[in-house]
Every structure is written in structure tokens, then in C-alpha cells.
Amino acid sequence: MALDFASAHERYLPFIRCAVSSYPQRYRDDLIQDGLWGLYLGCCAFDSSRGVPFDAYIKVCIRNRICSAARGYASDVNLIPLEDVGSTLPSADLPIEDRYA
């Protein structure tokens, strides 16, 4: 690996959390993981001889990975938010014969 991922993880985790904060809560944990994956891949691929500052390069890698993952989550029409599942279930207060009528 080109750079030390452990120190980059510590330094850029707040940036990743900030970057995913505008997305729906149900996707944030997954998007944080995707941001960390972008950080890892960026650390592996960084080439200082190209003259690009690491900070600028890695932030682009992280943002691109998060945006790409978010597009994938948004296009998955089979996802039902967990908070919406309860509203589709029949009430336990109804008699059993009325629950699925």
C-alpha cells in the first residue's frame, strides 16, 4: 500500500461522516463503509510523483466512491426502508380474521 491506511483512516473518518450526513439515515452506515473503501483504494493508488496533493486526491476518491454507491442504493427499487415496514403490517389489535382481509 502506498500510504499508511491506519493513520489516513483516523484523519479522514470525520470527513467521511460529514460527506454522508446529507444522505438518508438508513444508508449512512453503508455509505461510511463505501467512503472507507474509497479511502483505502486511494491510499493504494496515490502517486506523489504526479504533483497532486494527497489531501485533494483522497477527498475526490472518497466523494466519488460515496456518490457512486449512493446512486446504486437510490436505483434499487426493491429496498423498503425499515421504518416503513411497520406501517404495512396489520395491527395486532385487530381480530386475526380481520388482519389480512
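## Overall build

From the N terminus on, the elements of the protein run α-α-α-α-α, and the count is 5 helices and 0 strands, where helices (H or I, at least four residues) and strands (E, at least two) are DSSP runs numbered from the N terminus. This is a predicted model, in which local features need pLDDT of at least 70 and side-chain atom pairs count only at pLDDT 80 or more, while totals for chains, interfaces and linings use all residues. Residues are numbered from 1 along each chain as its sequence is written, and side-chain values use heavy atoms, with hydrogens and water left out.

Of the 101 residues of the protein, 25% count as buried, a word that stands for under 20% relative accessible area, with exposed meaning over 50% and partly exposed in between (1.4 Å probe, protein chains only). The accessible surface comes to about 7100 Å², of which 55% belongs to carbon and sulfur atoms; such areas come from the Shrake-Rupley method with a 1.4 Å probe. Among contacts (heavy atoms within 4.5 Å) with a separation of 6 or more, 62% are accounted for by residues 24 or more positions apart.

## Two helix pairs

Two packed helices are described by the angle between their axes and the distance between the axes. Axes are lines fitted to C-alpha atoms, for helices over the stretch in contact, and angles run from 0 to 180 degrees between N-to-C directions.

| Pair | Angle | Axes |
|---|---|---|
| H1 (residues 5–20) and H2 (residues 25–45) | roughly 140° | within 9 Å |
| H2 and H3 (residues 54–75) | about 140° | 8 Å apart |

The angle in the table makes H1 oblique to H2, and likewise H2 is oblique to H3; under 35 degrees counts as roughly parallel, over 145 as roughly antiparallel, 65 to 115 as roughly perpendicular and the rest as oblique.

On the H1 side, the residues making the contact with H2 include Phe5, Tyr12 and Ile16, and on the H2 side they include Leu31, Leu36 and Tyr40. By class, this contact of H1 with H2 has 12 nonpolar, 2 polar and 2 charged residues, where Ala, Val, Leu, Ile, Met, Phe, Trp, Tyr, Cys and Pro count as nonpolar, Asp, Glu, Lys and Arg as charged, and the others, Gly among them, as polar.

Where H2 meets H3, the residues include Tyr27, Asp34 and Trp37 in H2 and Tyr57, Arg65 and Tyr73 in H3. The contact of H2 with H3 has 15 nonpolar, 3 polar and 3 charged residues.

Alanine 74 is found in helix H3, and alanine 74 counts as exposed because its relative accessibility is 62%. The C-alpha atoms of alanine 74 and tyrosine 27 are separated by 9.6 Å, although these residues are 47 residues apart along the chain.
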